[in-house]
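Please look over the structure below. The report that follows goes through its backbone, its helix packing, its domains and its ligand site.

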Amino acid sequence: MAGTGADAREQVAGRLLRQAGACERLGSPLSGLLLRAAAEDVAAGGPTWAVLAPHAGGHRDDALGLRLLAAVHRLVLERRAPALAVHYPSVGGTAGPRGAGAAFLAAVADHAAALRDLVARPCQTNEVARAAALLGGFLAVARATRLPLRVLEIGASGGLLLRWDRYRYTAPGWSWGPADSGLTLDGLFARPPAPDPPAVPVAERRGCDPTPVDVGTQEGRTTLTASVWPDQTDRLARLRQALAVAAAVPAAVDREGVATWLPARLADLVPGTATVVYQSIVEQYLDDDQRAARTAALDAAGARATAAAPLAWLRFEPIPGTPDFVVDLRTWPGGTTARVATATPHGAAVVAR
Ligand SMILES: C[S@@+](CC[C@H](N)C(=O)[O-])C[C@H]1O[C@@H](n2cnc3c(N)ncnc32)[C@H](O)[C@@H]1O
């Protein structure tokens, strides 16, 4: 039940301020500034509070600040907030930060009804650079098994990480992936993984998401673009290129949650392929029942895994209670776990182990 008093406003303002700090640490001063203005407005009971009040009392991990940023960014991308757009580099705005907070609050006031609906949508950041963090895990499975991979992604969003093998990855003196890829992920590695094997056949690519984004539609592409912070033009450029790759490489994302989808996908392991189940930055959105169903499906399939039909579980997630994000890989038969990388939440500064 949403609260309405000063305590509820302070709680929501606190969540926005925490997100502001995270945006600033991750290189988006504009998002930090906008969220700080929003937090002040919430605490004062202004228009932003009128939009966010239904979410008072929500879980601190429900990404409310990100959802507000994405909702307003969508208005800008759709040319519905021209006075704010001049501050948004994502649409060519060059006015800088001065006055951006006031313009943001004015846009919130002007579009309160639309924003109430948009903010209710789930967080849909499909960050393609996270493929750089996951890459070492996929290569480790391919290297150990020498089998084509069957890749099954939990929380796939628009499915951009289902095309991980179709991107080019580069670092000084090192590269992996097709040289003619439409997307080169450069500068993301502090230490890249061993580029072995040099190519990995993918036999099946399939994901699940309760609210998948259809990247074949303008609506879907706008949803993903709105989820990128507006002053992070490098991420926006990567997203545009990833969308072009996605248009040429089919990948199914089923409209379904992990709890029912994964047991069905793992009912039979496919001999002659290595099944890799993976997720990135999804854990905070799952409840205990969903996590338990996932673990049970993996354990049951792991017990049936063989050298001819092996199973792997690759995950890129924060270590709870710490600022660290890690990539861990569990493999069956055997069920052993190894850390394959550390990275920042959006997939930069990847250190392969
Ligand atoms: C922050 S996004 C991350 C998307 C993608 N994994 C990435 O790293 O780019 C979290 C995703 O988890 C999805 N999600 C939420 N609950 C889920 C569930 N029960 N089963 C599968 N996916 C879920 C959301 O819809 C959303 O697309």
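Arg146 sits in the loop that runs between helix H8 (130–145) and strand E1 (149–154). The model is a predicted one. In it, phi of Arg146 is near 55 degrees, a positive value in a residue other than glycine. Most residues other than glycine have a negative phi.

## Two cis peptide bonds

Most peptide bonds are trans. Asp196 and Pro197, however, are joined by a cis peptide bond. Its omega is about 0 degrees. Pro197 belongs to the loop between strand E5 (189–191) and strand E6 (202–209).

Trp332 and Pro333 are also linked by a cis peptide bond, with omega about 5 degrees. Here the proline, Pro333, lies in the loop between strand E10 (325–332) and strand E11 (336–343).

Domain 1 gives 16 residues to the contact, and domain 2 gives 14 residues.

Which helices supply the side of domain 1 that touches domain 2? H2 and helix H4 (64–77) each supply at least two residues of it. H4 has the largest share, 5 residues. By class, this side of domain 1 holds 9 nonpolar, 5 polar and 2 charged residues.

## H4 and its helix partners

H4 also packs against helix H1 (residues 6–25). The two axes come within 8 Å and cross at roughly 75 degrees. H1 and H4 are therefore roughly perpendicular to each other; the range for that class is 65 to 115 degrees. From H1, the contact uses Arg15, Leu16 and Gln19. From H4, it uses Leu64, Gly65 and Leu66. The contact of H1 with H4 counts 3 nonpolar, 2 polar and 1 charged residues.

Another partner of H4 is helix H7 (residues 112–119). Their packing angle is about 130 degrees, and their axes are 9 Å apart. H4 and H7 are therefore oblique to each other. Their crossing is right-handed. Arg67, Leu68, Ala71, Val72 and Arg74 of H4 meet Leu115, Leu118 and Val119 of H7. The contact of H4 with H7 has 6 nonpolar and 2 charged residues, with no polar ones.

## H2 against H6

Helix H2 (residues 29–43) packs on helix H6 (residues 100–110). The angle is about 60 degrees, with the axes 9 Å apart. H2 and H6 are therefore oblique to each other. The crossing of H2 and H6 is right-handed.

What does each helix bring to the contact? H2 brings Leu30, Leu33, Leu34, Ala37, Ala38 and Asp41. H6 brings Ala100, Gly101, Phe104 and Leu105. The contact of H2 with H6 comprises 8 nonpolar, 1 polar and 1 charged residues.

## The ligand shell

How many residues surround the ligand? There are 23. The closest are Gly155, Ser157, Gly257, Ser280 and Tyr285. By class, the shell around the ligand divides into 11 nonpolar, 9 polar and 3 charged residues.

Conventions
Residues numbered from 1 in each chain as written. Predicted model: local features only at pLDDT ≥ 70, side-chain atom pairs only at ≥ 80, totals over all residues. Axes fitted to C-alpha atoms, helices over the stretch in contact; angles between N-to-C directions. Helix = DSSP H or I, 4+ residues; strand = E, 2+ residues; numbered from the N terminus. Parallel < 35°, antiparallel > 145°, perpendicular 65-115°, else oblique. Left-handed = near helix turned anticlockwise from the far one by under 90°. Contact = placed C-beta atoms within 7 Å. Nonpolar A, V, L, I, M, F, W, Y, C, P; charged D, E, K, R; others polar. Near = placed C-beta within 6 Å.
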